[in-house]
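Hello,

Here is the structure we spoke about. Please look through it first, then read my notes below.

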Amino acid sequence: MSIEANEEFKPKIVAFCCNWCSYAGADLAGSSRLGYPADVKIIRVPCSCRVNPMFILRAFEKGADGVILCGCHPGDCHYSTGNFYARRRMTMLFSMLDYIGVENGRTRVEWVSAAEGVKFSTTMNEFVEKIHSLGKNVRLGDLRCRN
Amino acid sequence: MQELIARAKELLADGTVARVIGWKAGDLPYNPEPAYFEKEEDFDDFVYNSFCGANLSKLMIEACKLEGKTLVCLKPCDTYSFNQLLTEHRVDRDKAYIIGVGCKGKLDIERIKKQGIKGIKSIKGAEITDDAETLTIDTLYGEKTCAFKDAMLERCHVCKGKEHKIYDEIIGESKDTKDAERFAEVEKIEAMSPEEKFAFFQKELSKCIRCNACRNACPACSCRKCVFDSTKFDSQQKANVDSFEEKMFHIIRAFHVAGRCTDCGECSRVCPQGIPLHLFNRKFIKDIDELYGEYQAGEEVVERGPLTSYTFEDAEPGIVAERG
Amino acid sequence: MYKIAMDNLSALFQKIAESNELYLPIENCGQVNYGVWSEDADVNIEALKTVKSPKDAFFPQSENLYRCDKEEKKISITPAQLKDQNFVVFGMKACDIQGVEVLDKVFLSDPVDTFYAARREHGTIVALACNEPEETCFCKVFGIDCSDPKADVATWIVDGELCWKALTEKGEALTDAVKDLLTDDSAADAKVEEKKAEIKDIVEKLPYMGLSLEGWGSEVVDEKFDERFNSPVWNDLYKPCLACGTCTFVCPTCQCYDIKDYDTGHGVERYRCWDSCMYSDFTMMAHGNNRNSQMQRFRQRFMHKLVYYPINNDGMYSCVGCGRCVEKCPQSLNIVKVIKAFENQGGEK
């Protein structure tokens, strides 16, 4: 990919945020006037555990270049244990994606509490930068959604 | 085999069981089919030989809904699947009478044909009592031979052992046929670069015709309605319009049985296109072993599998990138 | 009759591919399927049976019908283009060619399926006589002669040479296009006749040759039909069926399809894809499904092939005896076992 094309690249990033911690963290980032790129589209879910592998793959299919899942810190889940299950599931899924040759780093899990507006903002900035360096997602998308 | 038939008839006659699930002789030397036997005369066709690869434990889901007990013939590796189904309350132990049948490795006709052997008229050495190391195959184009080992199913090369994990009685002897490392193929792929990995799976999965045989044969895939059968879901079972569909299907299929897959190898056995589907399942098994402790699904009836439990110290998903 | 040395086939393929798309059996990861020829393709002309039948060339597993795009408040509809490029399917066997005839009766009768018709119009079939028939073959039961396939061009492999004979206008045109590579040999006719006799000899020895179709076909009407349809034999036969679609997807004559919409995020693509009568949502309608047990779906498949289709098409069966389902069924169920089950029990139990 040429440098010019890279400059034009506007990544599409889907962030699944749990209702109780991370979504509130995003709110705090906003009210604290902390910036994060507009490429990130937040989808609110009741718990990080609500996200199943199909959500992640579906996001890629429909054209996402990166998918990030944010939830409460382990031990702080609103439903006590949801994020523990999510953690195991995502580890398995990410490992499988790596195994079939999808670039490492297109997927990420980060625990963001309601008080961590700064962490939310830096995480998103970092993630967008990472996706920029990886370029467009060509290995997991559906051709029909591209043009 | 005669001992097995005699015992099955006896149990049927004294009313212990109402039916028997076993294999019925096919019309070619290598294609016995799973079948129900309810009357004494049905047993004329009963067969048990080295081509009886099908795992009968899944048939027990339906059989357990019927009146009376069902006798089922399970090979050592099939008993893992049965245990797993028990764990998930999909079968009823009280409704099953399990005869553990001996197994000395099962044969894959595709592997025999791969060696250029065609026009098969008869195969010698596939009887369960035979200890032959070679198969003698009479064909329309002359007599051919084939080493038993070379004709074995992939799963038999990584045999889990000759012990039945659950049974009411055992008939026949079993043999551990393991001669390869279970995770060797997975490790080979893990060592590839992302480009190579991607190319490898792209090539293999491009053969997929979305027939769903892997899903339907899988004893762990026991949902009444599969997510891929939902009409409200726009990536449906049938179409393979774009390569992504297959990837999505195969990742999700393997994921849905992760931690529950006993590695029985039915998916790879039934695939009409010979896609090594066990590579997906085994990757999950390997990861679970490494990250959450060694675990063999179906070894015993357990409360919780690895993906339905957790510890506070579990690895973060970021470990995937760190492991490289 | 013309001939060409087998070693020289890649030159022939190159030549054909200059002006046509060329489909032929290609080996990929240990399996042979029809695919588009390219120079680095691993061509395997001698494989007797491809896993999937070549019906893809005329009726692909999945094809777009039209797409809708939304821009602001405007919706535009673009129909998919019909096939407008000539193509050649090389190496089709007699059974698969008969399979195309079965499809013709469905898709070319009124109302004509334009997508299929366009492909038929632009396609040239080069048939190849079966070299070494296998135990799973039973084409002769349906009156097919695998030693003498009828298509645009017929070919035979004899002693390291491919003998080539054009049978239709399309075939003549293709022959003219590749004439430089072919040599005329009048002695080849005799050799081909010899080969045919040899193949027929083997066919006679195949295990399924004695299969009788009595009790099937277009004369199964009224009481006979009811008897067969309601026979208890079906109840036993279907039991091992996994309800997968392997048999339907490898079959050269299965023609059922489903039409679906795919949401691309900025529009809709309407496509059709092969369907299988083995699936629970086959012919699903708003009121539900009219075949709601696996026994009914299983019966549908075989009754369609052996009774419904012949009734509607002057006795022509929609099974061609290629034996793919015999080879591929995960549970070793197949149409031969179904026919035999009725033969043994005469529909009564």
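This is a predicted model: local features need pLDDT of at least 70, side-chain atom pairs count only at pLDDT 80 or more; totals for chains, interfaces and linings use all residues.

Residues are numbered from 1 along each chain as its sequence is written, and chains are lettered from A and ligands numbered from 1 in the order in which they are written.

Chain B has domain 1 (2-106 + 159-171) and domain 2 (184-323); such bounds come from an automatic or database domain assignment. Taken over C-alpha atoms, the centres of these two domains of chain B are 27 Å apart. In chain B, 16 residues of domain 1 are in contact with 14 of domain 2 (C-beta atoms, placed from the backbone, within 7 Å).

The largest nonpolar core has 179 residues. A nonpolar core is a set of buried Ala, Val, Leu, Ile, Met, Phe, Trp, Tyr and Cys residues joined through C-beta atoms within 7 Å. Buried means that 20 or more other C-beta atoms, placed from the backbone, lie within 10 Å of a residue's own. Ile13(A) and Cys18(A) are among the residues that touch the most other members. Apart from this core lies another, of 50 residues, including Val17(B) and Leu153(B).

In chain C, strand E3 (residues 31-36) is largely enclosed by the rest of the structure, because five of its six residues are buried. Strands (E) are DSSP runs of at least two residues, numbered from the N terminus. Strand E2 (residues 21-28) of chain C runs antiparallel to E3(C), joined by six bridges, and Leu24(C) stands opposite Gly35(C).

Regards

Terms used: Two residues are in contact if their C-beta atoms, placed from the backbone, lie within 7 Å. A residue is buried if 20 or more other C-beta atoms lie within 10 Å of its own, exposed if 12 or fewer, and partly exposed in between; C-beta atoms are placed from the backbone. Helices (H or I, at least four residues) and strands (E, at least two) are DSSP runs, numbered from the N terminus. Two strands pair if DSSP finds at least two bridges between them.
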